[in-house]
Amino acid sequence: MKLLLHICCGPCLVYPLSVLREEDVEVRGFFYNPNIQPYTEFQRRRDSLVDYAEEVGLPLILREDYPLEEWLRAVAFRETERCSHCYHLRLSAAARTAKKSGYEAFSTTLLYSKLQDHERIRAIATSVAKEAGVDFFYRDFRQGWREGIKESQEAGLYRQQYCGCIYSERDRFAPAKRRP
């Protein structure tokens, strides 16, 4: 199978890529994450991924556009639904790119994280797959959570401390008493 794999970051790629390659899936990575803020964090995650992909021989499609204003307008006053918007934005881009580029299916490394909402990701990905006319390949990669962390540390990958958006950064670092 030819699979386009949306990648949120290098550390979340390690385990899913090893599993997919063991199953002889032909994988190409797709990096599109305008939710990552600030821009310097976006660059750091992208650059770390590019270095790792080179090291493991993974071809990448990098979307360099960074529609920050679009993302902010979509989540302003809808902060409790920001993750749904974020999933939809990135997964629909992956689905359209997979269809346009001739891939049989697409998936995402978001399915590796124990901190992401798998059911919501799966529902959104299934919906955008139908709209784009390409299959969504679902796999629960969470069982490799510890293994992936260990391998990404051994590989020296940059390991970020929050999901990506300004809200997740605040939730990670700001004292709870300062939050709204």
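Predicted model: local features only at pLDDT ≥ 70, side-chain atom pairs only at ≥ 80, totals over all residues.

Student: How many bridges join β4 to β5?

Tutor: There are 2 bridges between β4 and β5, which run parallel; the rule asks for at least two, so these strands pair as well. Phe106 has its bridge partner in β5, namely Phe136.

Student: What makes β3 and β5 edge strands?

Tutor: The open sheet has 5 strands in the order β3-β2-β1-β4-β5, with parallel pairing. Strands β3 (60-62) and β5 (135-136) each pair on one side only.

Student: Why is Ser107 called buried?

Tutor: Buried means under 20% relative accessible area, exposed over 50% and partly exposed in between, using a 1.4 Å probe and protein chains only. Ser107 has 0% relative accessibility, so it counts as buried. Ser107 belongs to strand β4, where Ala105 and Ser107 point one way and Phe106 and Thr108 the other way, all of them buried. A contact means heavy atoms within 4.5 Å; apart from neighbours within four places in sequence, Ser107 contacts Leu3, Leu4, Leu5, His6, Phe136 and Phe137.

Student: Is Thr80 buried or exposed?

Tutor: Thr80 has a relative accessible area of 73%, and it is therefore exposed. Thr80 is placed in the loop between α3 and α4.

Student: What makes Gln37 a buried residue?

Tutor: The relative accessible area of Gln37 is 4%, so Gln37 is buried. Gln37 sits in the loop between β2 (26-31) and α2 (39-56). Not counting residues up to four places away in sequence, Gln37 touches Tyr66, Leu68, Trp71, Leu72, Tyr162, Gly164, Cys165 and Ile166.

Student: Which residues have the most contacts inside the largest nonpolar core?

Tutor: A nonpolar core is a set of buried Ala, Val, Leu, Ile, Met, Phe, Trp, Tyr and Cys residues joined through side-chain atoms within 4.5 Å. The largest such set has 56 residues, and Leu13, Leu20, Leu91 and Phe106 have the most contacts inside it. Helix α4 (residues 82-101) gives the most to this core, with 8 residues. Beyond its neighbours within four places in sequence, Leu13 is in contact with Leu5, Ile7, Leu49, Tyr52, Leu58 and Thr109.

Student: Why is the aromatic pair of Trp71 and Tyr167 called tilted?

Tutor: Rings of Phe, Tyr and Trp (its six-membered ring) pair if their centres lie within 6.5 Å; planes under 30 degrees apart count as stacked, over 60 as edge-to-face and the rest as tilted. Trp71 and Tyr167 are 6.4 Å apart centre to centre, with 40 degrees between the planes, so the pair is tilted under this rule. Trp71 lies in helix α3 (residues 68-75) and Tyr167 in helix α7 (residues 166-173), so the pair ties together parts that are 96 residues apart in sequence. Tyr112 and Trp145 also form a tilted pair, at 5.2 Å centre to centre and 35 degrees between the planes. Tyr112 lies in the loop between β4 and α5 (118-132) and Trp145 in helix α6 (residues 145-154), so this pair ties together parts that are 33 residues apart in sequence.

Student: How do you know that the radius of gyration agrees with a compact globule?

Tutor: The radius is taken over C-alpha atoms, and the globule rule is 2.2 Å times the number of residues to the power 0.38. For 180 residues a compact globule would have a radius of gyration near 16 Å; the chain has 16 Å, so the two agree.

Methods:
Residues numbered from 1 in each chain as written. Heavy atoms only, no water. Helix = DSSP H or I, 4+ residues; strand = E, 2+ residues; numbered from the N terminus.
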